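Reader: I would like to go through this model with the definitions at hand. Please set each value against its cut-off.

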Amino acid sequence: MKGNLFQKLKMRVVFFLARRLPDCRHITPTIGESLDRKLSLRENINVKLHLWTCRACSNYLANLKFMREVFQLQEKRREEEIDPLSVSLSPEARERIKKALISSSK
């Protein structure tokens, strides 16, 4: 009985907030910006309440975070890769190549 009453109350609060908060079209740019800058108190409250009432925007934020993490990992992997031009050969390898080139030109 209590669970049912709580669910009804929660749904009323969600509908009340949904009618008074900015719609998805207006809140999604702010959700994206929240990853790059600190939101104002008003923006933060609007985003948090909207996310509480809207599953689609919650999924949107999760996807943005996932893509950001993937891009950061990709960038890190690219920075860690060894540049083939910066690798130098050992003196022994240089000598073997030199001998191979001399013998192939004969």
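Author: The cover over the buried residues of H3 includes H2 and H4. This is a predicted model, in which local features need pLDDT of at least 70, side-chain atom pairs count only at pLDDT 80 or more, and totals for chains, interfaces and linings use all residues. Residues are numbered from 1 along each chain as its sequence is written, and side-chain values use heavy atoms, with hydrogens and water left out.

Reader: Which residues of H3 are buried?

Author: Val 47, His 50 and Leu 51 are buried in H3. Buried means under 20% relative accessible area, exposed means over 50%, and partly exposed is in between (1.4 Å probe, protein chains only). Helices are DSSP runs of H or I with at least four residues, numbered from the N terminus.

Reader: How does the span of H3 compare with what is expected?

Author: H3 has 13 residues and reaches 18 Å from its first C-alpha to its last. The expected span is 1.5 Å times one less than the number of residues. For H3 that gives 18 Å, and the reach is close to it.

Reader: And what about the span of H4?

Author: H4 has 26 residues and should span 38 Å at 1.5 Å a residue. Its end C-alpha atoms are 38 Å apart, so the two agree.

Reader: Which residues of H4 are buried, and what do they pack against?

Author: Cys 57, Leu 61 and Leu 64 are the buried residues of H4. They pack against helix H2 (24–33) and helix H3 (41–53).

Reader: Why is Thr 30 called buried?

Author: Its relative accessible area is 13%, so Thr 30 is buried. Thr 30 sits in helix H2. Beyond its neighbours within four places in sequence, Thr 30 is in contact (heavy atoms within 4.5 Å) with Leu 39, Glu 43 and Val 47.

Reader: What makes Arg 37 and Glu 33 a salt bridge?

Author: A salt bridge is a side-chain nitrogen of Lys or Arg within 4 Å of a carboxyl oxygen of Asp or Glu. The closest N and O atoms of Arg 37 and Glu 33 are 2.7 Å apart. Arg 37 also meets Glu 43 in a salt bridge, at 3.1 Å from N to O.

Reader: How many salt bridges does the structure hold?

Author: The structure holds 5 salt bridges. One of them joins Asp 23 and Arg 25, with the closest N and O atoms 3.4 Å apart. Arg 25 counts as exposed because its relative accessibility is 63%. Asp 23 is partly exposed, at 33%.

Reader: Why does Val 70 count as partly exposed?

Author: Val 70 has 36% relative accessibility, so it counts as partly exposed. Val 70 lies in helix H4 (residues 55–80).

How values were computed: Helix = DSSP H or I, 4+ residues; strand = E, 2+ residues; numbered from the N terminus.
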